[in-house]
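Dear colleague,

Please find the structure below. I would be grateful if you could look through it alongside the notes that follow it.

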Amino acid sequence: MSHIKTVFLSTRPSFLILSLSIVTLAASIAHFEGAVWHWSLFLITLLAAVLSHAAVNLLNEYQDNLSGLDFITHKTPFSGGSGSLQQNPQAAKSVLNTFKFIMVILFVVGLYIVYAIGWQILPLGILGIVLVIFYTNTITQYPWLCLISPGLAFGPIMLLGCYFVFSGHFSLLALALSMVPFFLVNNLLLLNQVPDLQADKKVGRFNILMKVGVKQSMYIFSLFELLALFTLILSMIYFDLPDTLLLGGIGFILALPMIIIALTHYQQLDKLMPALTMNVIINLLTPMLIAVGLWLAKT
């Protein structure tokens with residue numbers, strides 16, 4: 001396997017679609033609230049978001065390879081790493097250097113955004129960098145912080161940051177709707193940690209599954225899923241949003257069977273797999289459908 005292919009696979013390209021969903025939602029909120037649509041700005045912002053997501057994955061792959069975690073995980077399509085560095089360990093330096101290169105690009109882009117649009121985005125940018133750099137080796141030692149960090153990254157940080165780029169300001173509507181991916185993405189990582197539980201213990205991680213137990217964690221998972229749906233409904237009521245946003249509820253049709261599977265089969269990986277699949281579908285589909293609902297309401 002070539003180094004280029006290993007680096008590419010280490011970005012976990014199939015998961016980068018999540019960034020597309022979040023950026024599209026941010027753009028739709030901005031457009032709904034009156035911001036002028038520019039395709040060039042959307043594509044540049046999307047590229048920056050995808051690069052930041054890829055950077056997280058690259059560093060995670062490098063550090064999990066270094067710790068030996070990815071050698072002992074039970075790999076599924078949704079967890080356990082890409083496996084690319086285990087097949088080509090000589091590419092580890094290339095993966096790390098690509099991460100550093102991307103971070104330099106993002107730093108330059110961030111400085112330009114601060115200069116051209118406003119300094120108000122700076123705290124979000126700094127917090128985002130902190131999460132990227134410290135997630136794998138540090139944040140995973142603190143159960144509650146580990147639980148909410150993924151949602152913070154893709155909800156309030158990425159969505160609000162992109163919204164600011166599109167509109168030049170922040171809004172309560174953007175903040176409220178950012179809580180939908182906050183809860184959903186937290187759940188994405190939470191459920192994906194179940195197959196990795198024993199491997200994570202061996203390398204010294206201490207996540208919420210270890211803190212309160214897997215069964216109790218599945219109750220947290222269920223609560224987060226309901227809070228994501230309630231956030232959407234309450235946002236529609238409070239901001240008097242059009243009924244087209246009910247499109248965002250389509251993804252939640254899978255929520256009930258997913259929760260039932262998670263609560264009853266959390267100890268049986270083969271029976272848990274459908275829930276992992278549903279979890280990914282809900283995370284990718286819901287922000288995109290909310291975005292479509294906002295776009296239809298504006299046209």
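Predicted model: local features only at pLDDT ≥ 70, side-chain atom pairs only at ≥ 80, totals over all residues.

Residues are numbered from 1 along each chain as its sequence is written, and side-chain values use heavy atoms, with hydrogens and water left out.

Helices α9 (residues 172–192) and α14 (residues 269–298) have axes that come within 10 Å and cross at roughly 165°. Helices here are DSSP runs of H or I with at least four residues, numbered from the N terminus; axes are lines fitted to C-alpha atoms over the stretch in contact, with angles from 0 to 180 degrees between N-to-C directions. The crossing angle makes α9 roughly antiparallel to α14 (over 145 degrees). Residues in contact (heavy atoms within 4.5 Å) include L184, N187 and L191 of α9 and N279, N283 and I290 of α14.

N187, in helix α9, counts as buried because its relative accessibility is 0% (buried means under 20% relative accessible area, exposed over 50%, partly exposed in between, with a 1.4 Å probe and protein chains only). Its side chain reaches the backbone oxygen of F221 at 2.8 Å. Beyond its neighbours within four places in sequence, N187 contacts I220, F221, F224, E225 and N279.

A116 belongs to helix α6 (residues 92–116) and is partly exposed, at 44% relative accessible area.

With kind regards

How values were computed. Helix = DSSP H or I, 4+ residues; strand = E, 2+ residues; numbered from the N terminus. Parallel < 35°, antiparallel > 145°, perpendicular 65-115°, else oblique. Polar contact = N/O pair within 3.5 Å; in protein donor to acceptor, adjacent residues only side chain to side chain.
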